[in-house]
Amino acid sequence: MDRYDERLIKSKPGADAYIFMGMSILVTLMGILLILTFWALPIGILLLALGIFMITKAVKGLSVEYEFILTNGDIDISKIKGKSKRVELGTIEADNITIMDRADSDYVKNDVSRRAVKIRKFTGPDNPEGNIAIYVGDDNDKRLFLFDFDDKCTEHMKAVLKTKSRI
């Protein structure tokens, strides 16, 4: 029987989203300033329209969610921006997972503090102590993925990984 779970979490947007929002506001303010001074009315109107368009795009970019689809231990990771644009970030196959542990365990904290592994975070701002750490690869190319799984997803992974799970 196939095991299937799905998890959707809200995440913080990256710095690029805030920079784009700031640039959008600046373009809009420049357009308003040019319109008010009558110095370059056509350019001001164009900048105002461009700024408003950029602000609508920037507001959508501030909404970031990660979706995890677990199928028999394989994890499909997607990033959803603005509740409409889906980007497939990749798949982690259960056969490639070497260790599953809690993110707040001493083993994981040690690797994170020493920067001994490449780290990818797919977590939300709400539950840092409940995050799950999944190691992929061997000693030459070890990667650590941090996920914000709920209890159902964690039980799914424990059932599939069995001996690889430290939870």
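1. Ground rules. Residues are numbered from 1 along each chain as its sequence is written, and side-chain values use heavy atoms, leaving out hydrogens and water. As the model is predicted, local features need pLDDT of at least 70 and side-chain atom pairs count only at pLDDT 80 or more, while totals for chains, interfaces and linings use all residues.

2. Layout. The chain has four helices and eight strands (DSSP runs numbered from the N terminus: helices are H or I, at least four residues; strands are E, at least two). In sequence order that reads β-α-α-β-β-β-β-α-β-β-β-α.

3. Overall extent. The C-alpha trace spans about 75 × 40 × 25 Å along its principal axes.

4. Salt bridges (a side-chain nitrogen of Lys or Arg within 4 Å of a carboxyl oxygen of Asp or Glu) link K118, D141 and R143. K118 and D141 meet at 3.4 Å, N to O. K118 sits in strand β6 and D141 in the loop between β7 and β8, so this pair ties together parts 23 residues apart in sequence. R143 and D141 meet at 4.0 Å.

5. How open is that network? K118 is exposed at 54% relative accessibility, whereas D141 is partly exposed at 35% (buried is under 20% relative accessible area, exposed over 50%, partly exposed in between; 1.4 Å probe, protein chains only). R143, at 31%, is partly exposed.

6. Within a helix. E155 and K158 form a salt bridge at 3.4 Å, N to O. Both lie in helix α4 (residues 151–161), three residues apart, about one turn.
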